[in-house]
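Student: I have the sequence and the model open. Can we walk through it together?

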Amino acid sequence: MAVLVDSDTRLAVAGVTGREGSFHTLNNRAYGTNVVGGVTPGKGGQDVEGIPVFDDWAQAMEQAEPNTAMIFVPPRFAADAILEAAAAGVRLVITITEGIPAHDELRVYNTLKRDYPGTRLIGPNCPGILSPGKANVGIIPASFFKDGNVGVVSRSGTLTYQIGNEIAQAGFGCSSIVGIGGDPVPGSSFVDVLELFQGDEQTELIVLSGEIGGSAEEEAAEYIAEHVSKPVVAYIAGFTAPAGKQMGHAGAIVSGSAGTAAAKAQALEAQGVRVGRTPTEVAELAVQILRA
Amino acid sequence: MDLLEYQGKQLFARHGLEVSPGKAVTTVEDAVTAAGEVGYPVVVKAQVLIGGRGKAGGVKLADNEDEAREHAGNILGMDIHGHLVRTLWIEHASDIATEYYASVLLDRSAKAPLVMFSIEGGVDIEEVAEQTPEKLIRHHVDALKGLSREEAVRIATEGKADADVIEGVADALVALYEVWIKEDATLAEINPLIVTPQRQVKALDAKVSLDGNALYRHPENQDLSDTENEDPIEVRAREQGVQYVKLDGDIGILGNGAGLVMSTLDVVAQAGGKPANFLDAGGGSDAAKIKQAVELILENEAVKAVLFNIFGGITRCDEVAKGLIAAFGEIQPDVPFVVRLDGTNDVAGRELLKEASLPNVHPARTMNEAAELVVELAAKSGAPA
């Protein structure tokens, strides 16, 4: 089954005519994702290697009927692009853009909740979603992953590839890999994606990769205790991060005594989640459970 | 981006929050002149981005010119928990009847602005939250509507502010919310928010953090922040658009992707080493970018060995190897490098490095292996010449 993106995905891309946007859109198409269009204001009527470009999301919806949007526009235009896609009726919006102001993210999150509750936002500042063998939306290098029964949800891109690759080398594949992004106000949190994996028949084990900052991992721990019957293995990055310093991701910051890696690992372990100390150990724990 | 007190107060004043008249100065003479202008008694306040400056002797009252000169002389150049005092804020001293607390911040969990208010001001608010949580009012604001005056009055009332200053506190809360929303702040805090004997409500301190991602909307705020007290390598990295954080160990770290770099620091620490920095090279794999990154890492003289941890996704390992070889052609580092290339085109990348046989560059297959090797090399390597 996989979650969020699969062979039914009909993708349209905001920023498809940009250098990065076109590169990754074409990569996604080459993987087999059904790319039905792109949106760039003022460039309607053009095409990117056969992908029709529309001036706005309403037009894209009318003519190409996308059910998934990927946002690849610069930070200052991203909030409006997300809301425009939602207003046009797109149900899943995956935002790759890094560097969106936190207040814009707050406005987008709350506007979606109030006006477009049927639209799910993944990201911003995320690598996208890959369902191996079915669809790839975003920048996740698909070659490391094959179809299988491990669901992966992560705040970090490269760390996901690192862990996923080690699981793949042990002979296991993934149902879906979902990057929820490293920003302070993500559209979807661990809890949202855990719920999807719990309900997904293909997924038999879940790998959760978190990091310092915020309390999404603590909330995930509580959710797992009450609602997730599938085994969960976790990793937390940032044990050595000093307080008050932003570690690359806008959301990766220990504020005072809140948001430390140690507290997150403890919260997860208290609910019976096994937490690996290194990415390799996480993969080993996952493989142990899969082989049992 | 954290602001100094006086910078925060400038933003407060911009949005109608009451603050005392004052001046920022960097010399003793200017401090004395400023004190004369704002009028005695004055408070001489060290401008540093660290708490506990009062206890450290960085805040003093001066009743006359001699005292102002003496305090300014003592405080300028003072080291407060590792922060050098270069700037003083000279402010007309306020009479204080009561000290409250007020703040607006981004509650990441609730995904909403959070307004907090307490009549227990002037103390560590985390202690109030722990010991007497009933004295800290926490009010989530609808992010799409903002804080209304009615809400602010309710917060002040619920928080048991003195009856005659409910209106004044509400005004301050509304203004503080304005600061938070209009300046793209992630935190705007007043501790203490004072009530004077004349029943005026005033911000006696200011703690403001601005969102660096929103600075393009605020060109007037671009030069704020405490650049002088920041680590010079961090300042230079930011100017070059590189994500770099200085740490206090001796093993330089470079990786691609924030999560992987954080993880690399942890794995090095677990292997018994101490990371000297966080550096996310992102997708940058060309020689110029790698050279720039290597130079930043080596600018820290404590570095005894460097670990390159690359997991190629979009980034191709052969490109990284080429970049590293080209960079080594231009700079000859005198510390050992451990290079782990995995992922896209890793075999080609490793082959290139092998052919180039760069001096003192050690390949490693896995992240754990690389961490152990770099810790071993750092222990062997003395301080660089």
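Student: What does helix H3 of chain B lie across?

Tutor: Helix H3 (residues 65-75) of chain B lies across strand E2 (42-46), E3 and E6 of chain B, and runs at about 5 degrees to E2(B). Contact here means that the C-beta atoms of two residues, placed from the backbone, lie within 7 Å. Axes are lines fitted to C-alpha atoms, for helices over the stretch in contact, and angles run from 0 to 180 degrees between N-to-C directions. Helices (H or I, at least four residues) and strands (E, at least two) are DSSP runs, numbered from the N terminus.

Student: What ground rules apply to the model and the numbering?

Tutor: This is a predicted model, in which local features need pLDDT of at least 70 and side-chain atom pairs count only at pLDDT 80 or more, while totals for chains, interfaces and linings use all residues. Residues are numbered from 1 along each chain as its sequence is written, and chains are lettered from A and ligands numbered from 1 in the order in which they are written.

Student: What are the scores?

Tutor: The model has ipTM 0.92 and pTM 0.94. Chain B averages a pLDDT of 93, with 98% of the residues at 70 or above; pLDDT is the predictor's confidence in each residue, from 0 to 100.

Student: Back to the sheet. What is the strand order in chain B?

Tutor: Four strands of chain B form an open sheet, E1-E6-E2-E3, with antiparallel pairing. Strand E1 (22-25) and strand E3 (59-62) of chain B are the edge strands, each pairing on one side only. From one strand to the next the twist averages 20 degrees. Two strands pair if DSSP finds at least two bridges between them.

Student: How many bridges join E1(B) to strand E6 of chain B?

Tutor: Four, and E6 covers residues 88-92 of chain B. Within E6(B), Ile90(B) is the bridge partner of Lys23(B).

Student: And which domains does chain B have?

Tutor: The assignment gives domain 1 (21-92), domain 2 (98-221) and domain 3 (232-382). Those bounds come from an automatic or database domain assignment. The centres of domain 2 of chain B and domain 3 of chain B, taken over C-alpha atoms, are separated by 43 Å.

Student: Now the contact between the chains. How many residues from each?

Tutor: Chain A gives 47 residues and chain B gives 41 residues. On the side of chain A that touches chain B, the elements giving two or more residues are helix H3 (75-87), helix H4 (102-115), helix H5 (157-169) and helix H9 (279-291) of chain A. H4(A) gives the most, with eight residues.

Student: What about the phi of Leu4(A)?

Tutor: Leu4(A) is not a glycine, yet its phi is positive, about 70 degrees. Most residues other than glycine have a negative phi.

Student: Is Leu4(A) buried or exposed?

Tutor: Leu4(A) is buried, because 22 other C-beta atoms lie within 10 Å. The cut-offs are 20 or more other C-beta atoms within 10 Å of its own for buried, 12 or fewer for exposed, and partly exposed in between, with C-beta atoms placed from the backbone.
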